[in-house]
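This report describes selected features of one structure, from domains to a chain contact. The sequence and coordinates are shown below.

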Amino acid sequence: MLYRESGQFKTSYRADQAIFPIRQDRIALMVLLAVVFILVPFVADEYWLGSILTPLLVLSLAAIGLNILTGYAGQLSLGTAGFMAVGAFAAYNLNLRVPELPLIVDFLLAGVFAALVGMVFGLPSLRIKGFYLAVATLAAQFFIEWVFTHVGWFTNYSSSGVISAPPMVIMGVTVDSAVEKYLLTLVMVAVLALAAKNMVRSRIGRSWMAVRDKDVSAEVIGIPLLATKLSAFGISSFYCGVAGALWTYCYLGTVEPAAFDLSRSFQVLFMIIIGGVGSILGSFLGAGFIVLLPILLNNIAAMIGHGTLQADTMANLEHIIFGGLIIFFLIVEPHGLARLWQIAKEKLRLWPFPY
Amino acid sequence: MSVSEKQIGDVILRCDNISLSFGGVRALTNISIDVREHEILAIIGPNGAGKSSMLNVINGVYHPQEGSVTYQGQTRRAMKPHETARHGIARTFQNIALFKGMSVLDNIMTGRYTKMKRNFLWQALYVGPNLKEEIEHREVCERVIDFLQIENIRKTPVGRLPYGLQKRVELGRALAAEPQLLLLDEPMAGMNVEEKEDMCRFILDVNDEFGTTIVLIEHDMGVVMDISDRVAVLDYGKKIADGSPAEVRANQDVIDAYLGVAH
Amino acid sequence: MGWMVRGAPDLSVHDTFPKLMLYHAAVRGAHPAWREKDFGIWQTWNWSEVAQEVRAFAMGLKALGFRRGDRLAIVGDNRPHLYWSMLAAQSLGGVPVPMYQDAVANEMRYVLSHAEVRFAVVEDQEQVDKLLEIKSDCATLDHIIFNDPRGLRNYSQPFLTSFAKVQELGRGEESTHPDFFEDSVAQGKAQDLSVILYTSGTTGQSKGVMLAFSNVIMSAKGAIDFDRLTGDEEVLAYLPMAWVGDHIYSFGESLVAGFCVACPESSNTVMHDLRELGPTFFFAPPRIFENLLTQVMIRMEDAGRIKRSMFHYFMAVAKRCGAAILDGNKQVSLSDRLLYALGRILVYGPLLNVLGFTRIRLAHTAGEAIGPDIFRFYRSLGVNIKQIYGSTEASVFITIQPDGMIKDDTVGVPVPGVELKMADSGEVLFRSPGAFLAYFKNDEGTKATKTDDGWVSTGDAGFLDDDGHLKIIDRAKDVGKLNTGGMFAPKYIENKLKFFPFIKEAVAYGDGRDYVACFLNFDIEAVGNWAERKGLAYSGYNDLACKPEVYSLLADCVDQVNRDLANDPHLSASQVKRFLILHKELDADDGELTRTRKVRRGFIAEKYAELVTALYSGQSHCDIEAQVTFEDGRKGTIKANIAIQDAQIYQPMKKAG
Amino acid sequence: MTSDLNFFFEVLFGGLLSGIMYSLVALGFVLIYKASGVFNFAQGSMVLFAALTFVGILEMGVPFWPALLLCLLVMMLLAVGIERIVLRPLVNQPPIALFMATIGLSYLLEGLGQGIWGTQVRALDLGIEDLPNEMIQEALGIQVSTFDLFSAGCAAVLVGGLALFFNKTRVGLALRAVADDHQAALAVGIPLQHVWAIVWAAAGLVALVAGLLWGSRLGVQFSLSLVALKALPVLILGGFTSVAGAIVGGLIIGASEKLAEVYISTFTGGAVAAIENWFPYMLALLFLLVRPQGLFGEKIIERV
C-alpha cells in the first residue's frame, strides 16, 4: 500500500544488490534503528531493558549463528548452547588471565575459540549427514557442558561453579547499568547481523546454500564440501560464542555451565524454526517470539487466573504451546515468521491487487 | 550464407582403459575415449550402458579401479570433483541438480565460485573489494543470462520454474564457470520439441561462440546425429563404436545393440 | 558545474540534432541521455558519453565511405545504438531512414530501393538475415552494420560489420581527422533534410515523408512549450522507430529539451519495464491505455470482497471529483477533497504504481478516438492524459488538449504556430513550421497533399467547436451527405456506439439517404453477463439477437448517442433513426472486417442488401439468409428473421444567444 | 587378581544389562525409522508419557493389570494420533523437518504428560528388587541385579515377539516391504498409512515397556524423557534400520559406558566424574567416522 516502486529503477549492480533495494524499506529501517537506538533507551525501564530486550538480542545473535549453520548450510546442530558456553568461558578466562586485552577483543576472541571448537565438532560432517550429524553435535553439547562443569581450571576452581561476571570496562567507560548493557549488546548484535547478511549474500553464503540444496552439484561446480561445511561450523560457532559471552556479561552477570544446557540449544533451534530457517530477519523474529510469548502468557494467566496458576503449570503450558507451535509451523509454514512477513510485504507491494 | 568450417583441435581429454565397478557389478569395462578440442562428442547407448558413469569418471565423482584419465596433458588418479572444476570441467545432471532454495541469478553465480578470491572477512564487510568482485562476476553471469535468454526469470527461485527452464538454468550455471570442457548428461531429457530445439541451438552456440568442447549424453537420436561431430556408443559398459554420426549409424554392432533389444 | 545550467538551447543556433546533441554534451554532459534495460539493469549513457559514441560511429561511417546526402536505413527494436546511428548519419549530412523492424523482406526491399539506401544499421542476426535475402535486389546497399553480434560470428561477408567495429574504425579515423566531425556538424542547416519516414502503406505503396531539421525541431519545441516539458523527463521508447510518433517523442523532443529516453529490454518486457522505469511523460495509442485498464479491472475482480468494495468506493469518489481536482477546479467540496486524498493513499497511488504511472506528469494519446470512459478513468486518477491530433506530414503536432480544458470528444486547440482551416468538404487543412518538405521522389503525391502556399490536407474531416477545439469526425473520404443536407460521418457515429461496452461493432449508413440507420453487433460477453444477471435464458449469439430485451438494451445505447448528437449543431441531423441487431457476429473470416478489425462498410452493405433496404423501407422485420464460416472452416447458411427497431430522434439544441 | 576379574565381570554384566534397557528405547526409534524414515526424537517423551500415565492410572485405584491394558490402549491411541496429526501432513518434507517436528512433539508430550499427571516424582514398584541376584552370586560369584535380569528378560520377550510379528504376520511382511521401498510397496497395493499406524502403535508399546522398567528404576519424573538421549548413541552404533543393531549397540554402549566410568574414574582418582553423559556419544562419533552407516546399516551408494 505504501510502496511506490515504479520509478525506483537500478542503473548499477551496486544499487541492484543493495540489502534494501526499495526506498520505502530503507526508510522503515532507519525508523526502526532510530527507535531501538534512541527511543528505547529513553523510554524502556530497567526490567524491559535488562530482562527482556537484552536477552532477546543475545538470543537473536545465537539464532543467527544457528541459522548460518542449519538454515543456510543445512547442517542441523543441537549443540548451540555448547558453543555459547565456549564463548562465555573463553571470555571469562581471557579477561581473567590476559587482563590487558580490551573487553571487546575478549568477546571477539571468545567467538574465535568457539569457532575453533565448532570446527572440530564439524569435522564429522564430511562423512555423516542429517540425524547422524545432529547426534554428533549433541555429543559436543554434552561434552562441553561436562568439561566446564568438571574441569576446575575453566571456573578458576571456584567451589560453586558459579562465578559473577567481572565488571565491564570498555575504553574507560564502565558498562554496568541496564541501558549501557543494552546498548553494548545492541551495537554488537547490529554489526554482527549486518556481517551475517553480507556473508549470506556473498560467495560464502552461496556456497553454504549450494551445499545445503544439492551437495553433489555443489562439488561439481568447484565448491569443496569439507571446507565449506567447516566454514559454516566455524562462523556459526563464532556467532554463538559471542552470544555466549554477551549472555554471561550483559544478561546473567554470572558464569555458569548450567546456563548453556541442552534446553538452551533447543530454545535457539525453536527460534529459527518459528522465525524462519535460512533468514537473518527470521532469527530476530523467532527470538522475539520465543522470548516474548512466555511473558505474554504469564500476563494473560495473571489476568484471568488471578495468580492461581502455579509456576510448574505455566512451565507445562509453555512446553505444550511451544511444542505445538513448532509442529504447526513445520506443517503450515516451514519458513516461519520470516516468510509470513515476506508474504505480508508482497501483499502490501501489490495492494490493492491480489497478484 | 558463407559459414566458415569449424576447426577441431587436438585431444584434450583421453580416457584410457577405464574400468569401474560397484561392489562387484561392472559398470564400465576397458573404455577408451578421446575428446578433441572444440568438438561435440555424443555418448549414446541403451539404458544402463554406463553413459552417466563415464561422465562421472571424467569429472571425478567416481574413481575408476583401472585406467587413467589424461586431461590437458596431465594424467590423474583420483581427483575430487571440485578439483576438476578448477581445471575447467563443468557439467549438468540427468536429473536437475539445481540449488532449489536459490534464485536463478544466485544459482548461476555459484558457477563463478572458483574464480572468486575474496575471503569471508571481506565478504562480511561486503563493500569495497568484495563488492567490486561481486559486480565483476555478476556482469559475467548477466552475459550468460542474456545468452540463454532467461532475463525475465533472473530473480525467480528456481524451484518455481518449469522443467525446461530449469534445464536451461543448469546449463547457465555450468557456463558461468567458463569451462573448457562441458559435460551434459541428457540435456534434453523430458523436453518438448520446441524446448529441444532451443536447447540444441544453445549447445551449438556455446560450442561455436566460446569454442567450448562438449561431451553429451542423449537419447534422442535425431538430436545426436544433428549436432554432434562424433558419436561414441556404449553397450553394457563397453564401447562398441566410435566415429562420425554417419559411420556410427551404419555400424552393424550399433544397429544390433539398438535393434537387437527392440521392445 | 556546467551540468547545473538548465538553460534551453537557442534553437536558431543549435538548429540541427547533431548540434543540439553537442550542446547538451557541453552544457549538461553528466545528465542521463539514454538508458537501455540490458543485463539486468538500466545501462545509462549521459549526454557527453552519447556525443562520444555518436562521434566514434560517425567517424567510422566516414571511414567506410559515407558521404553527405547518403541514406542510412535503420532496422530494429528501440535501441540507443540505433538512435545514435541516426545522429551519426545526420552529423555527416546524411539522412536516416528508420524502417519497421517487423516488416518482411519483401516490404523492406521497396523502401531500401526507393530510398536508395547505401548503409543499413540493423539490430541483430534476424535483421541481417532478412537484408541478406534481398541484398541482391537493392543495388545501392553497400554496407550492413549490426549491433548485436550474437550468432553472426561465422558470417564472413565483407560488407558486414559490427557497430563496435565501426566505432573502432572511427576512433582510428579521428586521429587523422580530428576536426572532421565538428566541421561536418557545423555544415548542417535547419532547412536540411533530417529524416525520411515511410508511412505504413495501408493504401498502395508507402510514401517517404521528408522532414527537415526545422520541421521536427520546431514541432517538438511547440509541444514542449505547450506542455512545459523540461530536461528532466524520463520517457520510454517502445513504439516502432519508423513511426513519426516515436521519432518525435523519443528523439526530437529529447534532443530539444535534453531529457532522457529509456529503451526496454525487449518488446515482450515493455509493460514490466514501463512499471520499473516509471516515466514522467508517456505516449501510447488508446488501445494500450485500454489494455492496462482491462488488466486492472480483471485483477481487481479476483481480490477479496473488502478490498474490492473499497476499490469501487474510491473509484466512485475519483469519478466524482478526480478530474475536477486535476483540472484545478475550485468547486470541489472539502469532504470530497479529503476522501480523494485518502483514496490516493489507499487506491490511486498503489494503482498508478502498478501501472508504472507513479511519476507521470503528462500522457499523450492519439491515433484513434479513445473511449470516454477510459479517458476519464485515467484523468480521475490524476494522470494528466491528453488527446493530441497530428500526422507524419505535420511532424506530429497539430492540436493538443490544453490543461484545464479537456473535453472527451475533441482533440484540443492548435499548437502555437499551427494554423487550421476547413475545406468545403469538411476536410481539415493545416499550415505549420512542422509541415513536411515533400514526399520523396513523389511530386504528384506532394502536389495532391500540400499546396504551394503551405497548406497541407490531413484527409480527416472535422470542425472547430465554439471553444476553438478541433473535433475530428471521420476520414474525409468516408464523410457523406444525407439527402436532407446534413453531414454524415459514419465512423464518428459507429465509434460513439462502440464506446458502450454492450456494443461490439456498428455499421452506420446514411450517405445519399434520408436518415441514418445502422447494424449493430453486441458484445456477447457483456450482454451474456447481463442476461445471466437478468435470468434470461439463451443459447448463443443469434438466440440473444432475437430477444426483445436485448433490443431494448441496445435501444438505450442508441438513444444516448442520439441525445449527444442532438447537442452538436454539425451532426444533429445524423441521429440514428432505425437500427437492427445482426443475427451473426461480423467476422474477418467472412470478409466483413479487415484483419485489423475495421468494418468493411461497402462489402457489408452489398452482402446484406436486403437488410439495408429494409432499414430504409419501414418494414418491422426482414428475412435473411446468410453465409457463415464456422470455426472449423466449414461454410453454412443461417436463416433468420430480423427485427428492425425505430429510435427516438431529438430536436437539436438551440444555442442560447 | 580374581577379585579384579570378578569386579570387571560385574561391571561388564551390569553394563550389558543396562545396555539392554537402552536397547529397549532404541528399539522404538528403529521401528519408526524403518517404516517411515522418521527419526522420532519424541520416543523419550513417549517413554515418560507412558510411565506417567501408568502411575497416574494406578493412583486412581485401578489394579495393575487393567491399568497396564488401559495404558497400552492410551499409548497406542497416542501413537496413532501422532502419526495422523503430526507426521502425515509432513510426509513429503525433508527428513530433517520431520526430525524437528518430533523435537516439537517431545516438548508437547512432556508438557502434556506433566500437565495431566503432575510434575512430582513418583515411585513405581513393579515388585522386583534392584538387588544382587543371589542365585547368580552363588553360581558365578558375581553380583548382578535381579531387576536388570528381569528387564533383560522383558526386552528379550519384546524383541522376540516383535520378530515373530514382523516375520510371520501379513502386516509384518507388509512393513518390511515398506521399509525396503515405499514406492514399490505402494505399487503392490500395500496401504502405507495402515502400516505406519501399526508401527507407531508398536512404538507406543515399546515405549510403555521401557517406561515401566525405567520408571521403576529411576522414579517416574521428567528426567525419564532423557533416556532417549541415551538411546541415540546406541542407534548410531547399531544403525538406524536394524533391530539387531539396536540390541547389539545397546549392549556395547552399556558395557563400555560402565567400564569407562569405573576404570577412567579410578585412574583419575575420581576427578573425571559423570562421564556417562558424553562418553557414549564420543564412542559413537568415533565409530561413525569409520563406518558412517553403523554396525548393521546398509551402505548407500549415491547415484548421480
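What distance separates the centres of domain 2 of chain C and domain 3 of chain C, taken over C-alpha atoms?

## Domains of chain C

The model is predicted. Taken over C-alpha atoms, the centres of domain 2 and domain 3 of chain C are separated by 30 Å. In the domain assignment of chain C, domain 1 covers residues 17–265, domain 2 covers 286–421 and domain 3 covers 480–646.

## A five-stranded sheet

Chain C contains an open sheet of five strands in the order E12-E13-E14-E15-E16, with mixed pairing. Its edges are formed by strand E12 (281–283) and strand E16 (413–414) of chain C, each of which pairs on one side only. Strand E12 of chain C runs parallel to strand E13 (residues 362–365) of chain C, and three bridges join the pair. C:Phe281 has C:Leu362, in E13 of chain C, as its bridge partner.

Helix H8 (residues 213–227) of chain C packs on this sheet, where it touches E13, E14 (385–391), E15 (396–400) and E16 of chain C. The direction of H8 makes about 30° with that of E15 of chain C.

## Contact between chains C and B

Chain C contributes twelve residues to the contact and chain B contributes 16 residues. The two chains bury about 1300 Å² between them, with carbon and sulfur atoms giving 41% of this area. C:Phe39, C:Arg150 and C:Asn154 supply 52% of the area that chain C buries against chain B, more than any other three residues.

Between chain C and chain B there are three salt bridges and five residue pairs in polar contact, counted with both residues at pLDDT 80 or more. C:Arg150 forms a salt bridge with B:Asp205, in which the closest N and O atoms are 3.1 Å apart.

Technical notes: Residues numbered from 1 in each chain as written. Chains lettered and ligands numbered in written order. Predicted model: local features only at pLDDT ≥ 70, side-chain atom pairs only at ≥ 80, totals over all residues. Heavy atoms only, no water. Pairing = 2+ DSSP bridges. Helix = DSSP H or I, 4+ residues; strand = E, 2+ residues; numbered from the N terminus. Contact = heavy atoms within 4.5 Å. Axes fitted to C-alpha atoms, helices over the stretch in contact; angles between N-to-C directions. Domains from an automatic or database assignment. Buried area = accessible area lost by both parts, 1.4 Å probe. Salt bridge = Lys/Arg side-chain N within 4 Å of Asp/Glu carboxyl O. Polar contact = N/O pair within 3.5 Å; in protein donor to acceptor, adjacent residues only side chain to side chain.
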